[in-house]
Amino acid sequence: MAGLALALSWLTVLPVRTGTPSPATAAAAIRWAPVVGALLGAAAGALLWGLVAVGVPAAVAAVLTVGALALGTRGMHLDGLADTADGLGCYGPPERALAVMRDGSAGPFAVVTLIVTVGAQAGALAALPPGPAMPAAAALACAAGRASFAWACRRGVPVARPGGLGARVAGTQPWWVAPAWWLALAAAGFPGLGWRAALAVAVGAAGVALLSHHTARRFGGVTGDVLGAGSELATTAALVVLATG
């Protein structure tokens, strides 16, 4: 359970005290991340359902829900997405891209990527049918997004730079951990969400695989920012698929 506690500490605003984690605990936290994602998603989906039920327009309720998710994660994944977008958008060798990512300021690639991502998430949430499908869809999407951590941290992918979260968890996961989670989530989502659960997870997983391949080549490995970017990419893709049709 130390891994779950650390995952809650790393990935949420909950005041969970863990101390200095061992390498084994840090690796376990990555494997527990989808559970934390499911909890966050279910809470966000319940908020969305409640807001719509009391008469808040679906579009407004969806924007508030995306904001609540950002607050619940300290905006960490969105920050990673923004930094990754700026790193991928610049010219030069990997060292130049990593320097841009460390800078902390948001460039045009970051701004546009955040607008598109947050807008797509809110639009997809607003399109979900009111009812139990809202928390179910949000939980599935957020869990699938956090399962991407295990893929980005699979063995054979080096760390791009020393220090930070990426250096703690890079190369700690067997290759099958993320696919196992994605298969389990697709199966768990089928009773309530039907075949779209499997498609949503598959589309998100494909996007993460492409992103991980490209960032490993562009940056020379994985960083903590890439973990956040993969999570937001998979979450957004899954929500869009679940809201379509």
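Which hand does the crossing of H1 and H2 have, right-handed or left-handed? The crossing of these two helices is right-handed, where a crossing counts as left-handed if the near helix is turned anticlockwise from the far one by less than a right angle, and as right-handed if clockwise.

## Basis of the description

This is a predicted model, in which local features need pLDDT of at least 70 and side-chain atom pairs count only at pLDDT 80 or more, while totals for chains, interfaces and linings use all residues. Residues are numbered from 1 along each chain as its sequence is written, and side-chain values use heavy atoms, with hydrogens and water left out.

## Overall fold

The protein chain has eleven helices and zero strands, these being DSSP runs numbered from the N terminus (H or I, at least four residues, for helices; E, at least two, for strands). With 245 residues, a compact globule would have a radius of gyration near 18 Å, and the 17 Å of the protein chain agrees with that; the radius is taken over C-alpha atoms, and the globule rule is 2.2 Å times the number of residues to the power 0.38.

Along its principal axes the C-alpha trace spans about 50 × 40 × 35 Å. Of the 245 residues, 52% count as buried (buried is under 20% relative accessible area, exposed over 50%, partly exposed in between, with a 1.4 Å probe and protein chains only).

## Helices H1 and H2

Helix H1 (residues 2-11) and helix H2 (residues 23-53) have axes that come within 7 Å and cross at roughly 65 degrees; axes are lines fitted to C-alpha atoms, for helices over the stretch in contact, and angles run from 0 to 180 degrees between N-to-C directions. Among the residues that meet are Leu4, Leu8 and Trp10 in H1 and Trp32, Val36 and Leu40 in H2, contact meaning heavy atoms within 4.5 Å. By class, this contact has 15 nonpolar, two polar and no charged residues (Ala, Val, Leu, Ile, Met, Phe, Trp, Tyr, Cys and Pro count as nonpolar, Asp, Glu, Lys and Arg as charged, and the others, Gly among them, as polar).

## Helices H9 and H10

Helix H9 (residues 177-193) packs against helix H10 (residues 195-219) at an angle of about 150 degrees, with the axes 6 Å apart. H9 and H10 are therefore roughly antiparallel to each other, a description that applies to angles over 145 degrees. The residues of their contact divide into eleven nonpolar, one polar and one charged.

## Arg102

Arg102 lies in helix H5 (residues 94-103), and because its relative accessibility is 53%, Arg102 counts as exposed. The C-alpha atoms of Arg102 and Gly41 are separated by 29 Å, the two residues being 61 residues apart along the chain.

Technical notes:
Parallel < 35°, antiparallel > 145°, perpendicular 65-115°, else oblique.
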